[in-house]
Amino acid sequence: MDLETYIRALPKAELHLHIEGSLEPEMMFALAQRNGVTLPWSSVEATRAAYAFSDLQSFLDLYYAGAAALIHEQDFYELAMAYFTRAHADGVVHAELFFDPQTHTERGVAFETVLDGLERACDEARVQYGISSRLILCFLRHLSEDDGFATLEQAMLHLSRIHGVGLDSSEKGHPPSKFARLFKQCRDLGLHIVAHAGEEGPPAYIIEALDLLKVERIDHGVRAAEDPALVERLVREQIPLTVCPLSNIKLCVFPTLQGHNLKQLLDAGLKVTINSDDPAYFGGYIGQNFLATAEALHLSRAELKRIARNSLEASFVGDAERTPWLARLDALPED
Ligand code: HPA
Ligand code: ZN
């Protein structure tokens, strides 16, 4: 089996995927035309050419501009179906999708429009591809905690359809401590908890996410490596990291993939997973993230299998769903 085929054959979960970040320029333009929305770019090609980022914020500015093409329930449905089609082709058996309601409600799109469209796609993906999925609502950390509370109030009308909450957008200057009360309420509601931390922000933000938000996984977390005591804690508590290698290169967190610390984290005993983050913007879906990382860091098949296992174990599904995937994974050779 060649490496690409092997990676595709690994049953894997994608745990760090912003559904708005899977909006390909072709769909962005088609939806903008259909909806009468004017985009800041003249063509699909000009849009792709603008995807040269210097840091997280330079990406977010474009990401929020592109999301303006999404207006109707059908748009969110088509967006998520396109993602599921790609994920299925890459051997994803389970996906936990982040969505950013505030990006849409701020523009006058109803919370329910977003949720209905995404959920319809999740149902359809189960039937068409056998992919299981969950939705995780992300709060935008550049907005206030009160804004987050207002969003949670809307979400509370649909709690059975939302599996967890996360924290995304501009990290620097917006530490997890800003949202301690909001996440306390989310925990009290029985929601699963994750947060972006240690992508651009310091290790102290990862510690805050653990201690104040009580996260079950850290999204990114690669800067944990700068704090040996924190690494030791993450290993001891087996806190999963949802690492996104191609994202980290595009946003200049590491200068090259060869210089990425994923293997160093894995060797230290951390529960590392590989994910795509915003695949339409960062040049690859989960399969491409696995392949490019495996080649750049010379990961063995045993290591790739370990990373896929980590993703299944770190997912928020019950054992009844997880066990058959693990059995399929165990049946794969390691050489
Ligand atoms: N980091 C923070 N916020 C985001 C990201 C990311 O990588 N992608 C979409 N929103
Ligand atoms: Zn992310």
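The model is predicted, so to speak of local features takes a pLDDT of at least 70, side-chain atom pairs count only at pLDDT 80 or more, and totals for chains, interfaces and linings use all residues. Residues are numbered from 1 along each chain as its sequence is written, and side-chain values use heavy atoms, with hydrogens and water left out.

Rolling a probe the size of a water molecule over the atoms shows where empty space is left. Here the search runs on a 1 Å grid over the protein atoms alone: a cavity is a set of points where a 1.4 Å probe fits but cannot get out, while a pocket is an open set with protein on both sides within 12 Å along at least five of seven lines, and lining residues have an atom within 4 Å of a point. Grid points are joined across faces, edges and corners, and a volume is the space filled by probe spheres set on the points.

The whole structure holds one cavity of 30 Å³ or more, and the largest cavity has about 110 Å³ of space. Its lining counts 17 residues, of which H18, L56, F59, L60 and H196 are the closest to the centre. Helix α4 (residues 56-67) gives the most to this lining, with five residues; helices (H or I, at least four residues) and strands (E, at least two) are DSSP runs, numbered from the N terminus.

Now to the open spaces. Two elements, α7 (111-129) and β3 (132-140), each give two or more residues to the lining.

The second largest pocket has about 150 Å³ of space. E4, I7, R8, D90, Y285, G287, Q288 and L291 line this pocket, and the elements that give two or more residues are α1 (3-9) and α15 (286-297).

T256 and K172 are 84 residues apart along the chain, and their C-alpha atoms are separated by 22 Å.

How values were computed:
Chains are lettered from A and ligands numbered from 1 in the order in which they are written.
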